[in-house]
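Let's take a walk through this structure together, one piece at a time. Keep the 3D view open as you read.

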Amino acid sequence: MATKSAQIDSTVEIVTPENIAFHYQVAGPFRRLPAFILDLLIRSGVFTLFMIILGLAGALTNLSGIMGAGMMIVWFLLDWFYGGIFETWMNGQTPGKWVLGIRVLSVDGQPINGIQAIMRNILRTLDMMPVGTCMLGLVAMTLNQRFQRIGDIVCGTNVVVEERKWLTGVAKMDDARVAQLANYIPADYRVSRTLAKTLAAYVDRRRFFSIPRRREVSRHLAEPLLVQFGFPLDTSYDLLLCALYYRTFVADRSDDERITTEINTSPFSPTTPTNVAAQASANPFDIVQPQSGK
Amino acid sequence: MQLDSTRISIRERNLLDTFDLALHVLREYFKPLLITFFVAVIPLMVINDLLIGWILDVEYRDTFFYLEEAGSIWRFWWDMTCLVFIEAPLASIFMTSFLGQAVFVAQPSYRDVFRDVGRMWGRVVWCQLLVRGILPACLVFLLVDRYDEFNPTVEILLLGSLTLVIAFVRSIRPFNNEIVLLERNPLTSRNPSAITIGKRSKDLHGPSGGDLFARWLATAILGMLLTVCVFGTFLFCSGVFLNDWQPGPTMLRYVYPLAMWVVAGYLAVVRFLSYLDLRIRHEGWEVELRLRAEAARQAAKLI
């Protein structure tokens, strides 16, 4: 059973009879277009090869009429069955789809069978109406959440993007001041679920931001938090959010990890060039110079 | 308005995903997008017809492609293509304002959309009509005398050069409408630290000029293909229902511009989604929205 997501997005949720939900990104007409063009090139290449072979054979054997018929048969087979055979053989993929990382699945998330594969490819002719403009298919795809063309609707299939999402673990905090500032956060402050998610999103993306941009972005949340915690207002906004992240995801997570972090930040731990500067200004409340940002 | 629960999912996408998502957005907001787009397009269609419609006012024979008539056909096709291309961003002002609201509000009102555009009207006139060459393009056609012979210097060289310059500017600075209508930066300011439209445009577009140009090129190719497909469909319908299979003067004069406008409307949605994508990639806009929403929640808790 599929449910429509509240947001406008190209992902659909498929819930299996075992009550397991999968999220798929469905491939729309434009995502499929390069795969279609690639398959068209392969088909044309194969047809050209057959044309040369059959043409030569016809010239040598004086049976050019039969060879002409052979060419038409080859064209017919390639045009009507190329997609169907490959999608059956390669579990929902043609060479073009394989290269572009998309796959045909049944609407319930199961692999497609041979009949579905062949039927949906034969019905492409209908989707390309009127006269090759593909408007019928495009309108059909626009009208449904799964970007199904008429061939897909008839066969109960859809095309999904095979994207592997990388799960980034807990972010490492190289700056020793983060752990120290985390200790100053009031012990009774409870981080809500939404705040934890927001902090995780910020820490995950902050490495891509310039230092002024970090300050701009973190200011929104850090300013009220500074007031709430009673910290000096010139505390680095970025540092505060990192400290709160550290408190939420590292310090409170397990004693072992905390001990490891403390060992690494002790005065006796081997120092790296990057944390020498950080340890030199160990006071977490100090004002960070403009070039290093807040 | 809760900033982190947007109606359109805010995340990084590639160009083809953006094109696909635009179809979903079109389906979801079909009626308001149609209304907001055609409110701006209909006056432009009338102006264009007044400027160049007379080119097709010649006697046509049974077969459309007579040699002496082919000149008028190609002339009209070229002029109309340039005009629609130049005017497309102006045509999408109400649509852009609507989409900007639709990201955060479930059902934006037309009154708010028109009021917002009205407030920014001076900046729109300056940025689109003057800087982006719509008024100069219209003035080019005022130089053309319909009773004189075809003058290639004006219609090919002058109009072509203008279109090329505008195309180049739009390829590297595509999100002018969004900056003017949604970010609402001032046109000029005496305060040197104020973020004016020009400064903002430079900051937003500058770091990804090459990427934006490649995207614009791909969008232009897809736009041309879509125009051919839409016009082909209209031609097919005309053949089936009116038994007229030739692209006659009526088809060319009214249906060809309509096909281009339909595609321009769709590409305006794509452009808006690309703007969101650029802000996500370069500015971490989705993170900023979440932080602002969380700050609002924290403030509410304290109250």
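Predicted model: local features only at pLDDT ≥ 70, side-chain atom pairs only at ≥ 80, totals over all residues.

## Getting started

Now look for B:Arg215: B:Ala194 and B:Arg215 are 21 residues apart along the chain, and 30 Å separates their C-alpha atoms.

Step back to helix H9 of chain B, residues 176-183, which is mostly covered. Six of its eight residues are buried, namely B:Asn176, B:Asn177, B:Glu178, B:Ile179, B:Val180 and B:Leu181. Just after H9(B) comes B:Arg184, with a positive phi of about 55 degrees.

## Chain A at a glance

Over in chain A, you can pick out 13 helices and five strands. Chain A has 294 residues, and 32% of them are buried. Take the contacts in chain A between residues at least 6 apart in sequence: 63% of these join residues at least 24 apart.

## Strands side by side

Let's follow the strands of chain A. S2 (residues 11-15) and S3 run antiparallel and are joined by five bridges; one pairing puts A:Glu13 with A:His23. S2(A) and S3(A) form a hairpin with five residues between them, and A:Asn19 in the turn has a positive phi of about 65 degrees.

Next comes S5 (residues 157-161) of chain A, where four of the five residues are buried. Two bridges join S3 (residues 21-26) to S5(A), again antiparallel. Here A:Val26 has A:Val160 as its bridge partner, while A:Gln25 stands opposite A:Val161. S5(A) also runs antiparallel to S4 (residues 102-106), and five bridges join them. In that pairing, A:Ile102 is partnered with A:Val161.

## A closer look at one valine

A:Val104 lies in strand S4 of chain A. How many other C-beta atoms lie within 10 Å of A:Val104? There are 25. The cut-off for buried is 20 or more, so A:Val104 is buried.

What does A:Val104 touch, leaving aside neighbours within four places in sequence? Its contacts are A:Glu87, A:Gly92, A:Ile112, A:Thr157 and A:Val159. As for A:Gln116, it is twelve residues from A:Val104 in sequence and 9.8 Å away in space, C-alpha to C-alpha.

H9(A) is made of 13 residues, and 19 Å separates its first C-alpha from its last, close to the 18 Å expected at 1.5 Å a residue. Its buried residues are A:Leu195, A:Thr198, A:Leu199, A:Tyr202 and A:Val203. Looking down the axis of H9(A), you'd see the buried residues within an arc of 130 degrees, so they line one face of the helix.

## Where the chains meet

Chain A puts 32 residues into the contact, and chain B puts in 32 residues. On the chain A side, H1 (29-61), H6 (135-142), H9 (193-205) and H10 (211-229) each supply at least two residues. H10(A) gives the most to that side, with seven residues. Sorted by class, the side of chain A that touches chain B has 18 nonpolar, ten polar and four charged residues.

## Nonpolar cores

Which residues touch the most other members of the largest nonpolar core? In this core of 88 residues, they are B:Ala22, B:Val263, B:Ala264 and B:Val269. Helix H12 (residues 249-283) of chain B gives the most to this core, with 16 residues. Not counting residues up to four places away in sequence, B:Ala22 touches B:Tyr266, B:Val269, B:Val270 and B:Leu273. Another core, of 30 residues, lies apart from the largest one, and its members include A:Ala182, A:Leu221, A:Leu240 and A:Tyr246.

Technical notes
Residues numbered from 1 in each chain as written. Chains lettered and ligands numbered in written order. Buried ≥ 20, exposed ≤ 12 C-beta atoms within 10 Å, placed from the backbone. Pairing = 2+ DSSP bridges. Contact = placed C-beta atoms within 7 Å. Nonpolar A, V, L, I, M, F, W, Y, C, P; charged D, E, K, R; others polar. Core = buried A, V, L, I, M, F, W, Y, C linked by C-beta atoms within 7 Å. Expected span 1.5 Å × (residues − 1). Arc of directions from axis to C-beta.
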